[in-house]
Structures are given as C-alpha cells and as structure tokens.
Amino acid sequence: MSGPAAAGRGAATADVVCLGESMVTFLPSQPGRLADVPSFGRAIGGAESNVACALAAAGHRAKWVGRVGADGFGDHLVDAIAAYGVDTSAVRRDSDRPTGIYFRTAADRATGTHEVAYYRAGSAASAMSPANVPYADLLDARILHLTGITAALSADCLSLLRSLTEPRPGRPLISFDVNHRPHLWRAGDEGPGVLLDLARRADLVFVGEDEAEEAWGLRGADAIRAALPEPAVLVVKRGSEGATVFSGRRPEPRSSIAGGAGSSVTTVPALHVDVVAAVGAGDAFAAGFLSATLRELSVRDRVRHGHLMAAAVLTVPGDLTQPPARAQADELVALDDAAWGRLRLGPGWTAADRAGIDRSPAPQEVHPT
C-alpha cells in the first residue's frame, strides 16, 4: 500500500530521510572544456544523497530513498551510498529506465567556463510518483529532507513533493533546500513559482541569496523572509558573507527541533577556506545544519556546523568527503567570535590534530600535522 495513509506510526526509525535522484558523476582528469578532457573518474552525485552520506558519516541514522535503473550504474550508486553508512533499503530499481549520469568540468560552477552534460532525461528517478514510493519509509523519520531539484524532474515528481509537503498530523519536520536549477524546468517561468510554493509549505528552508534573486527577484535576506514568512526556520546562505537564519516566527513550530518560541535573526560569518573545488558545499552545509538541529544546538552553533561541513567538502575535489569528527567540530564551534574569524581551513584540515586549539590573537590556520 502506498500513500500517506500507509505511513507507520510510533517512534521514528531514522533521524533523517532524504528523497531524490542520485547519479553517477564523471569528474575530469584535468581542467579544460569537456571537448578537451581526455578521461574522467567515476564518482557519485546528487543533492539529497550527498546530505544523507554526510549525515551518516557524522553518526546519524540516515536513509536515502530514490529510484535507480536495474543496471551497473544503479548497482554502483546503491553500493557507494551504503558504504557511507546510509540505509538504502527503500531504494527501488526500475527495469525500464536507466540510472542518470553526468559529466562536468573542473571549473567553478559559478563561472562561465563551467560545463555540465546531463544524461538524465527519462531516468529511473524521474518516474518517482506518489504511487510508487514507500511512504512508510519517507515519513518514518524525525526530518524529511527534500530539494527543488526533484520537483523539476517530472510532473509525477512534483506531485510527489506536493503530497509530502501537505500539512498533516504527525508528519516529520520538512527540510527543503530550494536548489534552483533553471535548466531542469520544462516551462520557462514554471520553476520559480513552484519552488516558492514548496518552500512556504516546509518547516526548515535553505536558500541562497543569489538563487533567490535569480528565481524570485528578491534582494537581501529581509526580502526573502518577507516572501517566506511561513517556515519556522529560514536559512539564507550569503556566500562569503556567511548565513542569516530567521527562526521562530511561526507561533507554534511544527516540531520542537525546528527552533524555540519567539522570533530571532542570527547571522554567522563564513570561514576562510582554501577552496579546491566549489561543488557540494551547499549540500554539506545543509547536512551540518541538520546534524546540529537533531542535537538541538543553538542557532549559531547549527550554522557553524554547517560552515564546517561545507569547508570539509570545499577542500577536496569531489562532492563528498569524510566530515570532521564530532569532537573536533564541537571544539571549533565553541570558539569565541574572534577566534572563529581567524580560522583558515585548508586541504586535509579534518585530519589535523585539534588537541589544544591556539586561541591567541595571531592568525590561525588548520592544516594536517
């Protein structure tokens, strides 16, 4: 039996369930145009599975729900995601549709030289719908994490997200990352309105200032909050400026882990990071914030954990990496504002020995010893 009525009741068996498409990613062996790259290395990619992998690696009970082809690429995805400790038991195989794949260049996604070639049209994931996903698995969690990418894959996928974000008693906290991808939408002006509607139905929303301006013509965190007054927690990512969190505006938050009563605005500066590849940082930030949310930490500490998770990914070539150990991350999060501002994180910093952090006024770098 599918649908909301089929969802189980009682204590959640997962901390976070992430629903969405994961694809096999081909990373270039050297910089340059796709036409010039001679070979590619295989990896995995997908906003929602990235979040699940990071959360599992951080010690949480994470489950990824998706749909892949009955092919070798599907086998690889399920095995690779499970290797991070993610529960993949609810993944469905499709014998009629392939697993999606894509190729990308090494250039920063924000630059004009970045190229991505997607081969996902008609993929197994695009066939997800309210009729064929395991609702019991999706709703049996403390947090259900969704993104706007899934909504863009097909009409059936959009129907699924609309169903999952409907208000209903006992639903998990709905986390929604806007993830505006204009090239995925089938009609020119359809995407922005759909994303705004889905975000307004969620409890916790992640959105970048840049994508809010591109999608909705909104400039600045205050304007974004004015357009999204419903979510109990709104996280506005501001690039190198850090992140601003609006929390507690809803009179009665749907979940105690979303945030306390009352209204507050918290801005936390970003870290100084020696970037290796600017991919996967948004997913890692969401994972860090959700991890700290599950632990019911303060808003400031949730954002700092998000920044640290993002820094771990920014200092490696791919979308995924081992996050900092919890004790290491907690120690850095506990720094005073001045020491936090002096941190500079480079490649290998998560393996550095953090016993005895230098709290002096001198500039501070974290590299492997």
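How many aromatic pairs does a search of the whole structure find? The search finds eight, and we will visit two of them on this tour. Keep in mind as you click around that this is a predicted model.

**Stop 1: the whole chain**

Start with a cartoon view of everything. The protein chain holds 12 helices and 17 strands. Of its 369 residues, 56% are buried.

**Stop 2**

Now select phenylalanine 103 and tyrosine 119 and show their side chains. These two rings make an edge-to-face pair, with 6.0 Å from centre to centre and 90° between the planes. Phenylalanine 103 belongs to strand β7 (residues 101–104) and tyrosine 119 to strand β8 (residues 116–119), so the pair ties together parts that are 16 residues apart in sequence.

Is tyrosine 119 buried or exposed? Tyrosine 119 is exposed, at 52% relative accessible area, because the cut-off for that label is over 50%. Phenylalanine 103 has a relative accessible area of 22% and is partly exposed.

Together with Phe103 and Tyr119 they form one aromatic cluster.

**Stop 3: an aromatic pair between a strand and a helix**

Move on to phenylalanine 206 and phenylalanine 285. Their ring centres are 6.4 Å apart and their planes stand at 90°, so this pair is edge-to-face. It links distant parts of the chain, with phenylalanine 206 in strand β11 (residues 204–208) and phenylalanine 285 in helix α9 (residues 281–294), 79 residues apart. Phenylalanine 206 is buried, at 0% relative accessible area, and phenylalanine 285 also counts as buried, at 4%.

**Stop 4: the eight-stranded sheet**

Hide the side chains and colour the strands. Eight of them form an open sheet with mixed pairing, in the order β4-β1-β9-β10-β11-β12-β13-β14. Which strands stand at the edges? They are β4 (62–65) and β14 (264–268); each has a single partner strand, so one side of each is left without a neighbour in the sheet. On average, neighbouring strands here are turned by 15° against each other, direction ignored.

Strands β1 and β4 pair in the parallel sense over four bridges, and leucine 19 has valine 65 as its bridge partner in β4. Show the side chains of β4: Ala62 and Trp64 point one way, Lys63 and Val65 the other, and all are buried.

Continue to β9 (residues 141–147) and β10 (residues 173–177), which run parallel and are joined by five bridges. Leucine 144 has its bridge partner, isoleucine 174, in β10. Then bring helix α5 (residues 155–164) into view; α5 lies across β1 (14–19), β9 and β10, and runs at about 145° to β9.

**Stop 5**

Select β12 (residues 233–237) and β13. They pair in the antiparallel sense over five bridges, with valine 233 opposite serine 247 in β13. The two strands form a hairpin with five residues between them, and glycine 239 in the turn has a positive phi of about 60°.

Stay with strand β13 (residues 243–247) for a moment. Five of its five residues are buried, so it is largely enclosed by the rest of the structure. Ala243, Val245 and Ser247 point one way, while Thr244 and Phe246 point the other way. Threonine 244 has threonine 267 as its bridge partner in β14.

**Stop 6: helix α10**

Finish with helix α10 (residues 299–314). Its 16 residues reach 23 Å from the first C-alpha to the last, close to the 22 Å expected at 1.5 Å a residue. The helix is mostly covered, with 14 of its 16 residues buried.

Note on methods
Residues numbered from 1 in each chain as written. Predicted model: local features only at pLDDT ≥ 70, side-chain atom pairs only at ≥ 80, totals over all residues. Heavy atoms only, no water. Phe/Tyr/Trp six-rings, centres within 6.5 Å; stacked < 30°, edge-to-face > 60°. Buried < 20%, exposed > 50% of the residue type's maximum accessible area, 1.4 Å probe, protein only. Pairing = 2+ DSSP bridges. Axes fitted to C-alpha atoms, helices over the stretch in contact; angles between N-to-C directions. Contact = heavy atoms within 4.5 Å. Expected span 1.5 Å × (residues − 1).
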